[in-house]
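Keep the structure open beside you as you read.

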Amino acid sequence: MAVVEELRELLGDDRVLDDPLERHIYSKDASLMRGNPTCVVFPKSTEDVVRILAIASSHDAPVVARGAGTGLTAGASPTEGGIVVSMTGMNSIEFDEANSMAWVGPGVINLDLSKEAARFGLHFAPDPSSQSACTIGGNLANNSGGPHCLAEGSTTSHVLAVEFVTADGEVIVTGGAAPDTPGLDIRALVVGSEGTLGIATKILVRLLPLPQDVRTLLLSFSSVEAAAKTVSDVIAAGLVPAALEMMDQRMTQAVENWLQAGLPVDAAAILLAEVVGSPVAVESEARLIESIGVQNDAIDVVIAADSAERDLLWKGRKSAFGAVAQLAPDYYLHDTVVPRTRLVETMTGVYEIADRLGLTMVNVFHAGDGNLHPLIAFDSSDSDAARRVRQAGDEIVALCLANGGALSGEHGVGVEKRELMASSFSELDLDAQARVKDVFDPAHLLNPAKILPAGSRCFDFGGVKREVPEGAWI
Amino acid sequence: MTLATMETEIPGAPDGIHVEPKSVDEVVEVLRHATEHGIPVRVWGGGTRQKMGVAPPEGLVMSTAGLAAVEVWEPDDLTMVVGAGKAVGQLEGELEESRQTAVLPENSPNSTVGGVIATGWAPLRRARMLGLRERVLEITSVTGDGRVVRSGGRVVKNVSGYDLHKASVGAFGSLGVVVSVCLKLWPVPPVTATFTMRDPDQSYRLNRPLALLETEDELRLFSWGTQAEIDDLASWVDGDFVTGHRWPEDPGGEFRWSLRVPPALTTDAIDKGRPWPFLAIHGAGEVRFASESLDGAVELRSWAHSVGGSLVLIDHPGETPSIDPWGAEPPAVDLQRRLIGEFDPARIINPGRLPGDL
C-alpha cells in the first residue's frame, strides 16, 4: 500500500492532506527554500506520532515535524520530500501551578501559553518576535530566544523535560519536574536539534512569575557606538536588564512610518531597555540606566509612563520585520552572534557589505547579547537581487565568524547555514555531532539533510543519505 | 613520549598509576593509551565528589591539575575560557575582583570547573540562576579514543548544532573528558546581602530571590541588587542582615546525599529526611542531607521515586557504596549506552559511575 493510503487508514481522510495546493502550502517555512512533500499529516497524540513514524520507516520516507512554519532557516521545509507532520493539533496545556510548570503539547502557540499562564501569575520567558504564531514545539526545535532571553536564557533554559518519539518509534521521556535526573542529559541534545533526533510530543516548561513591576526605557543616540557603549556600561554596572534591544535609524524610520509611535527618527540608534522586579528595584535600575545613557550622550531618554506606552514601544520592536514590507515585497532576515564588544565594528562591516552590493538593509538586534539581525529588503522576482542577497548573507556570516561569533543566535541552522557549519567547526567536531544523529536516527529519516553538512561523519561518508537538491533556493 | 613523564602522586587518590597531563595533547596520549590497552581512567579534579556513583576499577588516575589556566577572559563580553583543572574557589575569587561571577557552586571551593561540570553539581543560587548547564557556552573535550572535540561557541547565545557541551554536564566524562570550557559570566550587582529570616512566612513575599536556603538552624535569604533594593528588603524582612554572601556548608556526615524533588515538595522533603541534618535549596527542589548510617535511606528514596524525584548518594565511607548510589536505571538506557559508545568506544573514562551500569 502506498504511504498516503496507509496514513489515511491510520488517521482518517481529514488528517492527511495530499492535494497539490495543500502540499504547496506546507512545502516551506518562512524561509525562501521550498521542498515537495508527499503529504501533510496531523497527529493528535503521541501514539499517532509513533504510528506515523512506523509507516514512514517502512517506506523509507523522510519525516519533517512542523509547528507554525515561522522558522527562517528552512528547518521545517521538506527539502527531501516525504511526510510533513504538523504538530498544531497537539496543543493541550496542563498547568502545575504549585511547581510553576506546565506540560504542553508541541502545537501550543508561544503567546497562548503565556496568556493562559497569566491567570496563575506566570509566563513563559522565551518571546520570539513571532510569538503570536510560533509554537512551543518549534521553539524547542530551534532553541528559540527573543528579547527577554538576555536575563532569562533561551528555550533550553526553560525546558525541564521532553517526551519525544525516536525514529524507531520508541517514546522517551528525558528530564522531569525534579532537577538533575540521574544519567545523561538527553534533553540538552534534543532541545535545538530541529527535529532531527526525534519528534517532541510533550514538553514540560518552566514558567516564571509575572514581574511585580516593569519599567521600559527608550534611549536615543546620535551614534551606534554610543548606544553600544551604553549597553556595555549598563552590564558593567552590575545590571542585566530583562531586555536591551537596539534599532538602527533606517529601521526606526520604517517602523515609525508605519506605526506612528513617536519614535525618534533622527537618532542614529535607539535602545529599548526594560527592567523588571519590585517597584523599588525597577525604579532604581531605570534611573541607573538613564544616568548611564546620559553619560554616553543620549540625546533623549523616555521612560514609558504606563502599560499602554510600554506596549507601544514593544509593538515597534516586535513589528519591525512587518514594517519592512513598506520597503520591498520580500525580506531576508539574518541571525548571527558576535561577542558584544565586537558589535560596533561588526555593524560597520555589515553596512559596508550591504552598501557595496547595493542592497537595502535595516538592523534590529538583541544588543545585550550581541545577537544581530541584519534584514535585507528586496524583490525576489529580481534574480540578480536574490543573488546579491545570498552573497551578502554569506559575507555577513563570514564577518561575524571572523569577529569571534557564531552562526546563529536563535534561528538555528536548518538548510540555510548547513554548509556554513564547516566554517565554524572542525571535521572532528562535525563528526561528533554526526555520531549523535546516527545514534538517534541511523536511517536519517527525521528531517534529513538539516544542520549537518553532507559528509560530516569523517570516517563513514555513507552516513548521510541525501544531498540538498540543486536549485533549492527560489 | 610515554606516560612515565606524566606520572605524579595525587593526594587522596586510590591505588593505580597517577598521571598529570600538562596539555590537551598529553590528555589525548593518556586516553589513547588507555583505550588501546583497555585501562580504566579515573578523572580527578579536586577529589571532592569522587564518591558519586560506583568507583571505576583500578587503573589510571588522571589529574586535571595541569590544565588550570585561564585562557581567555573577556569581562565586557561576560565570557571566560578556563582549563578544567581550575579550582572553583580560586576562579570565583579572581572574578570577584571585577565584580563578576561564573555562578559556580559557592561552598565547594576546592572542586574544579571540570569536576563540577562532570558531576553536574549545581550552585546554591540555582533557583534563580539555574544549574551549570546555563553557564557552559563551549566545551572542548577529549574522547576516549583521543579525538579533541569542541561544541558550542564563545558567545552568550548560540544555536549551531547539537549542544554536546550542555549534555556534558553531569556526564562524568562519558562524552569525553572536559579539558577546557567557556563559561557565561554574570555581573555582580552593586550590593549583595545575606538575611537570616526569623519569620519563614515572610518568604512568600519574596519575588524570585537569588537564593533561599534552609538548614536545621536557620533560613537564609541571599539577595543582590541596587542599594535601594537591598534597603527595601531590609525595611521589611524580619531578621539579621549582613552585606556580602555567607554561604552555608553542606551538612557533613559519613553518608552525604542529594535529594531531588519537584520544587513545591522541598519542605516535604525536609520532613521526610528528618532527623538527618540538611541544607535545602528552596525553589529548586534539592535538599542535601548527611547521615551516619543508611537507616531510613531506602524509605526516603522510595518516597523520592514516588514523586518523580531521586535520592543520590554523594559520599560514603570506604571505596564501594553499600547501596546503589543512584537508585534506579535512567530512562533510555540503551540510547545512552550507544551514545557513550560513540565518544568512549572502549569505555575507559570513569566506567560505571553513571547509573544503569554505564
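Arg119(A) is exposed, with a relative accessible area of 59%; exposed here means over 50%, buried means under 20%, and partly exposed is anything in between, using a 1.4 Å probe and the protein chains only. A salt bridge is counted when a side-chain nitrogen of Lys or Arg lies within 4 Å of a carboxyl oxygen of Asp or Glu.

A word on the ground rules: this is a predicted model, so local features need pLDDT of at least 70 and side-chain atom pairs count only at pLDDT 80 or more, while totals for chains, interfaces and linings use all residues. Residues are numbered from 1 along each chain as its sequence is written, chains are lettered from A and ligands numbered from 1 in the order in which they are written, and side-chain values use heavy atoms, with hydrogens and water left out.

Now turn to chain B. Which residue forms a salt bridge with Glu138(B)? The partner is Arg150(B), and the closest N and O atoms are 3.1 Å apart. Glu138(B) sits in strand E7 (residues 136-142) and Arg150(B) in strand E8 (residues 148-152), so the pair ties together parts of chain B that are 12 residues apart in sequence. Strands are DSSP runs of E with at least two residues, helices are runs of H or I with at least four, and both are numbered from the N terminus. Glu138(B) is buried, with a relative accessible area of 4%, whereas Arg150(B) is partly exposed at 22%.

Another pair in chain B is Arg274(B) with Asp271(B), whose side chains meet in a salt bridge of 3.2 Å, N to O. Arg274(B) is partly exposed at 48%, and Asp271(B) is also partly exposed, at 42%. Elsewhere, salt bridges that share partners join Asp431(A), Arg435(A), Asp438(A), Arg457(A), Asp145(B), Arg147(B) and Glu342(B) into one network. Over all chains, the count comes to 49 salt bridges.

Stepping back, chain A holds 16 helices and 20 strands. Its radius of gyration is 22 Å, close to the 23 Å that the globule rule gives for 474 residues, so chain A is as compact as a globular protein of that length. That radius is taken over C-alpha atoms, and the rule is 2.2 Å times the number of residues to the power 0.38. Along the principal axes, the C-alpha atoms of chain A fill a box of roughly 70 × 55 × 40 Å. Buried residues make up 63% of the 474 residues in chain A. Among contacts (heavy atoms within 4.5 Å) in chain A between residues at least 6 apart in sequence, 72% join residues at least 24 apart.

Chain B comes to 9 helices and 18 strands. A compact globule of 358 residues would have a radius of gyration near 21 Å, and chain B agrees, with 21 Å. The C-alpha trace of chain B spans about 65 × 50 × 35 Å along its principal axes. In chain B, 62% of the 358 residues are buried. Of the contacts in chain B with a separation of 6 or more, 67% come from residues 24 or more positions apart.
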